Amino acid sequence: MFNLKQNDKKILRTIILVVVLYAWISLLSALFGIFYPVAIWITWLGICLILYKKNILVFVRPSAEFLIYILIAVSFALFIAFFTVPTIFSGRDQGSISEASMRLANNHTLIQHSPESDTFFDIYGRGKALNFPGFFFVADGGLITQFPLPYITFLSGFFGIFNVYGFIVANAILLFTFIISALSVARYYINHKYTLVFALVLLSSFSISWFAKFTLSENIASALLWSSFILYLFFKDTPSKITYFIFLSTISLLLFTRIEGIWFFIIFVSLILYKSSLRSFIKQDLWWLVFFPITILFVVTCSILIMNMPFFLTLAKASSSATSEMINPLNFLDKITHLFLIYTLYGLILPLLFTLIAIFRAFFSKKYRTILFPIILVLPLMIYYIFPNISGDHPWMLRRFVFALLPATILISIAFISHIHSNDLLTKTLKYTMISLLCIANIPAFASFIFYAENTTLNNQVLQISQKFNDTDLILVDENAAGNGWSMITSPLNSLYHKHAVYFFNPNDLQKIDTKPFDRVMLITSDQNELRYKNILSDNMQYIDEYTFKLNQLNISKEKLPVLQFPQKEKKVIHGKIYEITK
């Protein structure tokens, strides 16, 4: 086993603490219904100053080696940020998460009321808010997100200061934290030279760079998981109360961020309790190290269970669907072959293959057993390789592998290669070939999409169309108004330009809508869907204007066997019309 120098540990612990501290302040502010971004940042800064005076936040000179890791992490995070366009359009998870963050910053509370939400609550009642993708109606008609809270509250504080560019800043910070933590974990298992190789393979992976551009919970989960991992290693080596509390704060946030966080919380806590020296350390102060954290965790868990119930309902439904998929043997071979080709296309198959070889070798050689802990840590998640339990279009389905499986399998692969000890030419050639293959497998997908982002100009076009409406209008937006149901313009119309916009899919609902709170009822529809409204509402549709959206989007790939290729980058022109629906 290798290790970091003491000063490097202090720096990394400080980096993790300032990020996790902000995350906790923003989460608790939302749970208490007092979410004011400026107050959150002032509170964060004040606590940071106190911690600095207490020598808990420590800024010391890093080693040359660790400075290289910092520069790699900063450079890559800035590079990705430069080519990122905020994903603020409704219809898929990233848009709904962004919208929830913007609504929270604008309304200062997790449950929000508006004239348009009250109007549609009167039709559909409590439950999933079909006209507001990613939200549920609560009993009194308010909207609440169906996604986990820690990432939403984390983003919201940045949005409150930097507007939509806050999403880019927030993700860049999380990406930096993930990279510096992952490289530090790697340094425990491999030497400096191979840690740089790990960085090369990891950061040239398509999945890492692509999903870092989206507002998806995998971004904060990556930072929290690998921060928890390195903090656990710090605590195991040198037990201290500061490291212990930072570790608990970090792993607890992960617990609330993704369902997989339950496993990681259990396994890390179990590992601490298993080691006798750590148990002895904790027993020295049971109140502060056990009962106090458990009390805080219990209170926060109860609050999140109450406030984030839609997330758990959605999760239960998804788990039920996943179980049905697992027990359905039909076309299983075709599915596995299809998945194998996708993993090959995006460079995931070789890290998995080398990891399986390392596991096999570990049964016969003790020297390989020391490198297996990262894969044991993510072992239950290996089921995702067979049952991703997500929409099958790629690259979307690769989300499942970003925050845990892919970094772990790459780390095991590089550690496995580094443990092949021999000075003969054949062995050296084999090692260099394996490393080269890992890099080469990444290049096609990485090079194809590293500079690409969807909907680069759509927000500016939405701003222009928003100016055609009054603040007292109810705006009904057709699903395909901007080309498809994954780039709906209701989110920016609502949260950025403060219009009463609603995703509208059932023309018959117009007869049930209470239009009294609004001066006008407007409809935005693409020419493609115009007829379905005219068939029902033609007598009440008064033409107002037309619009054109120029878009750049991926043609989402759902190819069947045997042909697989990357999704095509398309430029689209969407024509549509704006109507007033007369009362």
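I began with Phe292, which sits in helix H14 (residues 286-307), where a helix is a DSSP run of H or I with at least four residues, numbered from the N terminus. I was looking at a predicted model, in which local features need pLDDT of at least 70, side-chain atom pairs count only at pLDDT 80 or more, and totals for chains, interfaces and linings use all residues. Residues are numbered from 1 along each chain as its sequence is written, and side-chain values use heavy atoms, with hydrogens and water left out.

I then looked up the exposure of Phe292 and found this residue partly exposed, with a relative accessible area of 31% (buried means under 20%, exposed over 50%, partly exposed in between, with a 1.4 Å probe and protein chains only). Phe292 belongs to a nonpolar surface patch with Leu286, Trp287, Trp288, Phe291 and Ile296, and together they have about 600 Å² of accessible area. I noted that patch residues have over 30% relative accessible area and no salt bridge, with nonpolar side chains joined within 5 Å and like charges within 9 Å; a salt bridge is a side-chain nitrogen of Lys or Arg within 4 Å of a carboxyl oxygen of Asp or Glu.

Next I turned to a surface patch of negative charge, which gathers Asp118, Asp122, Asp140 and Asp514. Asp122 lies in helix H5 (residues 115-124) and is exposed, at 59% relative accessible area.

Finally, I checked His108, which has a positive phi of about 70° although it is not a glycine, and which is placed in the loop between helix H4 (93-107) and H5.

Definitions and conventions
Areas by Shrake-Rupley, 256 points an atom, 1.4 Å probe, with all protein chains shown as cover. Lys, Arg positive; Asp, Glu negative; His and termini not counted. Charge placed at Lys NZ, Arg CZ, Asp CG, Glu CD. Helix = DSSP H or I, 4+ residues; strand = E, 2+ residues; numbered from the N terminus.
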